[in-house]
Amino acid sequence: MSIMWKKVLLTAALAAFATTAVMADDLPSFDTPSDNSIPGFGDESGSLPGFGSDSGSASSSGFGAASSALAISGEGGASSRWFLAGASDIEDRAVQMDPYFRLNFSYSGSIGEVEAKLKVNERILKDNPEDVIDELTLRAYLGDFVLEAGKMKLVWGKGDKVHVLDNFNSDDYSDFIFPDYIDRRIAVPMVHVAYNMDNGMRLEGAYTPYMVPTRYASSGPWVPEHTLLSAYRMANVNATGYAMTNSWVYSEPMLGSFLGKYSASSLYGFYKDNLPDTRTLKYGQFGFRATGTIGSFDWGASYFYGRMKDSSIHSAELVKMLLNAGSSANVPVGQLYDYDRMQVFGLEGATVLGGFNFRAELGYYLTDDVDGDDPYVHNNSLQWVFGFDRDLPWNNLNVNIQTQGKYILHGDDVKDNGVGDVDYNGEKAWVQNRLVLDITDSWMHEKLKPELKLVWNIELEDVVVMPQVSYQLMEGLDVSLAGLYIYSGDNGQFYDFKDNSFVQVGAVYKF
């Protein structure tokens with residue numbers, strides 16, 4: 001059989017696999033409301049701190065054919081946390097145990113590769129067993145083209161684990177901002193093609209038939225219940241005012257009778273029943289990207305069409321539901337939640353100057369609310385990342401500083417619409433900035449590694465500090481001592497978790 005026919009057959013097999021993944025993959029739609037219900041921890045890019053180089057099956061793949069080889073690697077580990085609040089006696093402090101296991105397979109042939117990444121922990125087995133297959137990628141090298149299909153994670157943007165242009169995958173925040181960036185991204189069925197031009201440019205295109213929204217914890221200390229409750233309390237206030245103005249029968253403050261009790265679990269059951277099913281072509285995503293190098297400057301331009309990964313709540317429809325529950329009147333209720341459609345036009349760049357590794361991203365987020373007068377759809381916004389890292393002349397010290405920002409257009413209209421607007425925040429901050437800092441070092445021939453991470457949401461007034469020190473006991477086996485401190489103001493993005501500071505010990509073995 002000629003090489004040409006082999007390429008044709010392999011291309012057809014990849015297309016068939018992608019179609020099968022689209023029809024058979026059963027990813028959940030356990031997701032979250034918008035800024036005024038369940039919070040996201042970053043912008044719609046799903047970005048939060050991570051430090052070091054991003055890696056993803058598509059974005060980090062090589063482009064040369066490899067000799068046939070089977071490779072197996074993996075790791076297993078466990079951590080134990082002692083929470084510092086919630087009890088007056090130290091013996092009554094809450095303890096959390098989190099064991100996990102990963103196994104990676106890859107096989108390289110003459111013109112293609114197969115990669116599979118498996119992971120297991122208690123949250124996956126309990127809530128999302130389909131994510132035992134973390135990624136599964138088929139890759140074919142077809143001359144200057146690379147074709148990939150499978151259940152994939154794709155990283156776009158020059159930021160260092162802080163992005164505004166990386167929009168195909170969402171984040172799993174069921175364990176707050178742990179684990180690292182690429183590990184908490186949720187893979188989706190995807191087809192990705194890249195073309196390497198003779199002049200060094202690279203052209204990419206990607207398509208996912210549906211999207212998986214942001215995922216949060218449904219139980220335990222990382223459930224954002226305070227923010228979720230506040231959305232319904234505000235809707236209850238609005239329903240009370242509407243009833244009084246329009247002579248409706250609405251005699252009881254409604255959260256108790258409407259949801260049964262003040263609990264995160266009852267609220268989760270309610271809003272999950274009203275979320276749209278995102279596993280349809282209506283929620284498909286696609287995008288294009290071009291990257292290249294001019295001198296010492298790496299540049300990129302991209303376009304993304306899809307949905308925001310955090311849902312918006314239609315508070316007027318929620319008010320109708322409360323009125324319907326509180327009176328005998330027949331109040332028709334529409335859709336409570338949806339994921340705003342958006343287009344993202346992006347520019348990115350990176351360069352080395354004077355020993356500093358600079359990187360930047362800029363994205364214009366275009367939604368259906370161009371004029372900013374629809375309170376139930378996010379306004380257009382400008383979002384950016386700018387940062388650098390630098391090796392300092394002391395030991396192996398490295399400092400990584402990045403800023404992530406967002407400017408909400410038509411902020412005055414958001415202000416006029418008040419707390420029912422999905423863009424509203426208590427600080428009325430239409431410009432929001434986040435500082436992400438990571439300081440690392442190593443000693444004793446890189447066996448002892450201290451690290452300090454910090455996330456500061458400047459306008460929203462909250463801070464997360466994460467110190468850690470790890471030590472290599474033997475080849476492949478590391479132990480660590482870490483901590484987490486959270487401070488949040490009343491309107492901070494981390495307000496729900498302000499009492500979740502902890503100390504943690506852990507161990508991991510890699511093979």
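User: In which strand is Met 474 found?
Analyst: This is a predicted model. In it, Met 474 is found in strand β21.

User: Is Met 474 buried, partly exposed or exposed?
Analyst: The relative accessible area of Met 474 is 47%. Buried means under 20% and exposed means over 50%, with partly exposed in between. Met 474 is therefore partly exposed.

User: Which strand gives the most to the nonpolar patch on the surface?
Analyst: The patch includes Met 474, Leu 473, Phe 101 and Tyr 107, and its residues have about 1,100 Å² of accessible area together. At least two of its residues come from each of β1, β2, β3 and β21. With 3 residues, the strand that gives the most is β2.

User: Why does the pair of Phe 176 and Trp 222 count as stacked?
Analyst: The structure holds 22 aromatic pairs. In the pair of Phe 176 and Trp 222, the ring centres are 4.8 Å apart. Planes under 30 degrees apart count as stacked. The pair is stacked because its planes lie at 5°.

User: How many residues apart are Phe 176 and Trp 222 in the chain?
Analyst: Phe 176 is in the loop between β6 and α3, while Trp 222 is in the loop between β10 and α4. The pair links distant parts of the chain, and the separation is 46 residues.

User: Are Phe 176 and Trp 222 buried or exposed?
Analyst: Both residues belong to one aromatic cluster, which also includes Phe 83, Phe 178 and Phe 494. As for their accessibility, Phe 176 and Trp 222 are buried.

User: What is the angle between the planes of Phe 286 and Tyr 303?
Analyst: Phe 286 is in strand β11 and Tyr 303 is in strand β12, 17 residues apart. Their rings form an aromatic pair, 6.3 Å centre to centre. The pair is tilted, and the angle between the planes is 50°.

User: Which residue lies over the face of Phe 178?
Analyst: Phe 178 is one of the residues of the aromatic cluster. At 5.0 Å from its ring centre, the residue over its face is Arg 81.

User: How far from the ring centre of Phe 356 is the charged end of Arg 390?
Analyst: The charged end of Arg 390 sits over the ring of Phe 356. Its distance from the ring centre is 4.8 Å.

User: What percentage of the residues in the protein is buried?
Analyst: The protein has 8 helices and 23 strands. It has 511 residues, and the buried share is 49%.

Definitions and conventions:
Residues numbered from 1 in each chain as written. Predicted model: local features only at pLDDT ≥ 70, side-chain atom pairs only at ≥ 80, totals over all residues. Heavy atoms only, no water. Helix = DSSP H or I, 4+ residues; strand = E, 2+ residues; numbered from the N terminus. Buried < 20%, exposed > 50% of the residue type's maximum accessible area, 1.4 Å probe, protein only. Patch = residues over 30% accessible without salt bridge, like charges linked within 9 Å, V, L, I, M, F, W, Y side chains within 5 Å. Areas by Shrake-Rupley, 256 points an atom, 1.4 Å probe, with all protein chains shown as cover. Salt bridge = Lys/Arg side-chain N within 4 Å of Asp/Glu carboxyl O. Phe/Tyr/Trp six-rings, centres within 6.5 Å; stacked < 30°, edge-to-face > 60°. Lys NZ or Arg CZ within 6 Å of the ring centre and 35° of its normal.
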